[in-house]
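I opened the model to look up the ligand site first.

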Amino acid sequence: MKATVEPIRWHGDRLELLDQRLLPDQTVYVTCRTAAEVAQAIRDMVVRGAPAIGCTAAFGVALDKGSKESFAVLAKSRPTAVNLFWALERMRKAKDLKAEAEAIFAEDLAANRAMGKLGAELIPKKARVMTHCNTGALATAGHGTALGVIRSSKNKSISVVACETRPYLQGARLTAYELMQEGIPCTLITDSMAGHLMSRGEVDVVVVGADRIAANGDVANKIGTYTLAVLAKRHGIPFYVAAPLSTFDPKIPNGSRIPIEERAADEVTGYRGSRWAPEGVKVRNPAFDVTPAELITGIITERGIVRKPTRARVASLLSRSPAGAASGRRGRR
Ligand code: MRU
């Protein structure tokens, strides 16, 4: 099945990336022929979303035939999504670089479809699903993580409440765009409206993605995710995280050790060249936050669902053989 949107096009000698900075108004591809160009595209947010960054970095290494410099420049592009470092590690061990990058891409698409199928079982009929940031085909090799679960629940007459996701507006620009293309009813809200809607009983379930999951199940995701998790707990609303195994970082014991990217001040003081804040005002712009495992109802992966994540349950999922999942053994309770 062809992806609705194609953020990453691999041609063997070059990589074409859909310029997500220009969406939804313009569909323009940026061509990369070297790892340095790929790293720049990741840094500049031409491509974003944890799994998409991982796939892109793998193709970047392949473009430079696995040079030492390619690994170094790509590792410095963005710090939080562990999928990038996971993909570089796989490429470091690979013999056929192009085949490995293609495999990483294909496996991510398969993982998303598997998560979609598993996750859809958790979504009630006619559910009003809140989501944050963009976790769709644009953020992955296709289908999406949290948005993949939503896509796979399409036949249940669901609707989506998409948080705009200040300051970079991935929700408003990208998630609303993907959902409208897919014909899934979507209502856009500003992030600060989430609690109000929950308090009015207008949200049945929250599903988000992840950029890095620590060994104890703490989840780093787009800034604002933690707020939604606290609100969901307050209102008794299930809060799910959908992420492939490539997003787990078992070397990191808990969320406090996850590196959080700080981005430029002008993303907060204005947008696309405009400025609304007084010049010189002090700004903070952390791009991600950490949601403690205790606020998470379940983590949906391609290998099963980890309910009420703890260190032991995460370890059990990671040590389980993929064949176990195929034979129907699903997440522990
Ligand atoms: O800064 P971004 O746009 O790369 O952040 C993306 C997110 O935080 C997503 O929620 C996360 O990568 C999961 S995407 C499948």
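The shell has 18 residues, and Arg-48, Ala-50, Asp-211, Asn-221 and Lys-222 come nearest. This is a predicted model, where local features need pLDDT of at least 70, side-chain atom pairs count only at pLDDT 80 or more, and totals for chains, interfaces and linings use all residues. Residues are numbered from 1 along each chain as its sequence is written, and side-chain values use heavy atoms, with hydrogens and water left out.

Next I sorted the shell by type. I found seven nonpolar, seven polar and four charged residues. Nonpolar here means Ala, Val, Leu, Ile, Met, Phe, Trp, Tyr, Cys and Pro; charged means Asp, Glu, Lys and Arg; the others, Gly among them, are polar.

Then I checked polar contacts (pairs of N or O atoms within 3.5 Å). A backbone N or O atom of Gly-49 lies 2.9 Å from a ligand oxygen. Polar side-chain atoms of Arg-78 and Gln-170 each lie 2.8 Å from an oxygen atom of the ligand. The protein covers 100% of the 410 Å² of accessible area (Shrake-Rupley, 1.4 Å probe) that the ligand has on its own.

Where does the ligand sit? I place the ligand in the largest cavity. A cavity is a set of points on a 1 Å grid over the protein atoms alone where a 1.4 Å probe fits but cannot get out; sitting in one takes more than half of the molecule's atoms within 2 Å of its grid points. Two or more shell residues come from each of α2 (50-63) and β9 (219-222). Helices (H or I, at least four residues) and strands (E, at least two) are DSSP runs, numbered from the N terminus. The ligand lies between domain 1 (8-109) and domain 2 (116-325), because both give residues to its shell. Those bounds come from an automatic or database domain assignment.

Last, the backbone. Most peptide bonds are trans. I noted a cis bond between Leu-23 and Pro-24, omega about 5 degrees, and another between Arg-166 and Pro-167, omega about 0 degrees. Pro-167 is in the loop between β5 (159-163) and α7 (170-182).

Technical notes
Near = heavy atom within 4 Å. Polar contact = N/O pair within 3.5 Å; in protein donor to acceptor, adjacent residues only side chain to side chain. 1 Å grid on protein atoms, 1.4 Å probe; cavity = no way out; pocket = protein on both sides within 12 Å on 5 of 7 lines; lining within 4 Å.
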